[in-house]
Amino acid sequence: ATHHPIWGGVLLVVFGLFDTLDGELARLQGRTSHSGMFLDSVTDRIKEVLIYIGLVGAATSMTVTCTGIGQNCWYSTATYTVLLVVALGG
């Protein structure tokens with residue numbers, strides 16, 4: 001939402017690695033549980049919701065300018081917002 005996509009991508013990769021490693025570590029130690037699997041899936045959904053909220057915030061605060069003949073754009077901040085909401089629903 002603060003227009004720092006590189007930092008967002010880096011943090012997404014780092015947290016994705018931790019997400020992968022914690023499950024693997026639990027399996028290797030024989031400490032898996034149904035509540036741990038549930039907690040992992042819930043935190044994954046929360047992470048996704050936070051990512052999409054940030055993307056929607058960035059999309060709604062950006063300015064779209066059209067260049068070209070006729071200045072007729074098919075995209076706008078509303079279009080980006082709708083596409084992000086559809087992605088979140090998917």
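Me: Why does Gly-36 count as partly exposed?
Reply: Because its relative accessibility is 36%. Buried means under 20% relative accessible area, exposed means over 50%, and partly exposed lies in between (1.4 Å probe, protein chains only). This is a predicted model, where local features need pLDDT of at least 70, side-chain atom pairs count only at pLDDT 80 or more, and totals for chains, interfaces and linings use all residues. Residues are numbered from 1 along each chain as its sequence is written, and side-chain values use heavy atoms, with hydrogens and water left out.

Me: Where is Gly-36 placed?
Reply: Gly-36 is in helix α2. Helices (H or I, at least four residues) and strands (E, at least two) are DSSP runs, numbered from the N terminus.

Me: What separates the C-alpha atoms of Gly-36 and Gly-23?
Reply: A distance of 8.8 Å. Along the chain, the two residues are 13 apart.

Me: Zooming out, how many helices and strands are there?
Reply: Three helices and zero strands. The pattern along the sequence is α-α-α.

Me: At what angle do the axes of α1 and α2 cross?
Reply: At roughly 170 degrees, and they come within 12 Å. Helix α1 covers residues 5-29 and helix α2 residues 34-61. That makes α1 roughly antiparallel to α2. Axes are lines fitted to C-alpha atoms, for helices over the stretch in contact, and angles run from 0 to 180 degrees between N-to-C directions. Under 35 degrees is roughly parallel, over 145 roughly antiparallel, 65 to 115 roughly perpendicular, and the rest oblique.

Me: And α2 with α3, at what angle do they pack?
Reply: About 170 degrees, with axes 8 Å apart. Helix α3 is residues 77-89. So α2 and α3 are roughly antiparallel to each other.

Me: Which residues make that contact?
Reply: From α2, they include Val-49, Tyr-52 and Leu-55. From α3, Tyr-80, Leu-84 and Leu-88 are among them. Contact means heavy atoms within 4.5 Å.

Me: How do the residues of the contact of α2 with α3 divide?
Reply: Nine nonpolar, three polar and no charged. Ala, Val, Leu, Ile, Met, Phe, Trp, Tyr, Cys and Pro count as nonpolar, Asp, Glu, Lys and Arg as charged, and the others, Gly among them, as polar.

Me: Last topic. What share of the chain is buried?
Reply: Buried residues make up 7% of the 90 residues.
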